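Hi,

Here is the structure I promised to pass on. Have a look at it first, then read my notes below.

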Amino acid sequence: MSAKAIESGGGDATDPFRPESPSDEEDEPSQSSNQTSDGSPGKPPQGPPQGPDGSGSDPRDPPKDGGSSFSRKAAKAAAAVVGGALAVVAVPTVLGAMGFTGAGIAASSLAAKMMSSAAIANGGGVAAGSLVATLQSVGSAGLSLSSRVLLGSAGFALVSLVVGL
């Protein structure tokens with residue numbers, strides 16, 4: 001049974017093995033004769049089939065976007081580089097704001113409170129290699145080259161995840 005007969009409600013849908021009569025197909029003109037290759041009625045098909053980007057090319061051809069994919073990737077990579085550089089610059093700035101300065105720990109600062117807590121916990125002195133001692137070292141002497149590379153890489157990776165690079 002033809003799809004047209006099923007849509008119009010004609011024929012016996014309960015017997016799928018019943019042969020169709022040739023008159024079912026010949027009564028009405030075929031709709032495919034006045035449809036384009038993309039299924040829109042009206043104009044006859046013209047030119048090659050349209051690709052996924054509407055370029056008229058082979059559907060397997062990559063979309064033509066005029067190079068904007070490269071510029072988007074370049075912008076994301078630039079943002080990731082800026083994120084890495086910002087991480088390297090921000091750490092000494094934040095430590096200075098916390099009170100870990102080149103002249104020592106600033107009075108009445110967060111660093112002073114951290115040092116007091118660490119000294120009380122250790123029986124009167126700050127242990128070498130503790131968080132307070134490490135932050136004071138970075139605050140006074142700055143970051144070593146390996147620390148800058150590591151921090152820059154971490155900032156780059158974090159921004160790369162955020163922007164989807």
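A word on terms before anything else: helices (H or I, at least four residues) and strands (E, at least two) are DSSP runs, numbered from the N terminus. This is a predicted model, where local features need pLDDT of at least 70, side-chain atom pairs count only at pLDDT 80 or more, and totals for chains, interfaces and linings use all residues. Residues are numbered from 1 along each chain as its sequence is written, and side-chain values use heavy atoms, with hydrogens and water left out.

First, the overall picture. You'll find 6 helices and 2 strands in the protein, and along the sequence they come in the order α-α-α-β-β-α-α-α. Buried residues account for 16% of the 165 residues; buried means under 20% relative accessible area, exposed over 50%, and partly exposed in between (1.4 Å probe, protein chains only). The protein exposes about 11,600 Å², with 62% of that supplied by carbon and sulfur atoms (areas come from the Shrake-Rupley method with a 1.4 Å probe; for residues, only the protein chains shown count as cover). Taking contacts between residues at least 6 apart in sequence, 44% join residues at least 24 apart, where contact means heavy atoms within 4.5 Å.

Now for helix α3, which runs over residues 68–98. Its 31 residues reach 43 Å from first C-alpha to last, close to the 45 Å expected at 1.5 Å a residue (the expected span is 1.5 Å times one less than the number of residues). There is a kink of about 30° at Ala-90, shortly before the proline Pro-92; the bend is the angle between axes fitted to the seven residues ending there and the seven starting there. Ala-80, Gly-83, Gly-84, Ala-87 and Leu-95 are buried in α3. Just after the helix, Gly-99 takes a positive phi of about 115°.

Gln-136 lies in α5 and counts as buried because its relative accessible area is 18%. Beyond its neighbours within four places in sequence, Gln-136 touches Phe-100, Thr-101, Gly-104 and Ile-105. Gly-142 belongs to the loop between α5 and α6 and is partly exposed, at 27% relative accessibility. Its C-alpha is 9.9 Å from that of Leu-95, although the two are 47 residues apart along the chain.

The side chain of Ser-160 reaches the backbone oxygen of Phe-156 at 2.8 Å. Apart from neighbours within four places, Ser-160 is in contact with Ala-80 and Leu-165. Leu-150 and Val-88 are 62 residues apart in sequence and 9.1 Å apart in space, C-alpha to C-alpha.

Finally, the record: an unreviewed UniProt entry places "transmembrane region" at residues 77–107, 119–139 and 145–164. UniProt positions are in the numbering used here, feature names are shortened, and annotations may be inferred rather than shown by experiment. In the model, residues 119–139 are 57% helix and 0% strand, with end C-alpha atoms 19 Å apart. Residues 145–164 are 95% helix and 0% strand, and their end C-alpha atoms lie 28 Å apart.

Cheers

Notes. A polar contact is a pair of N or O atoms within 3.5 Å; within protein, one must be able to donate a hydrogen and the other to accept it, and residues adjacent in sequence count only if both atoms are side-chain atoms.
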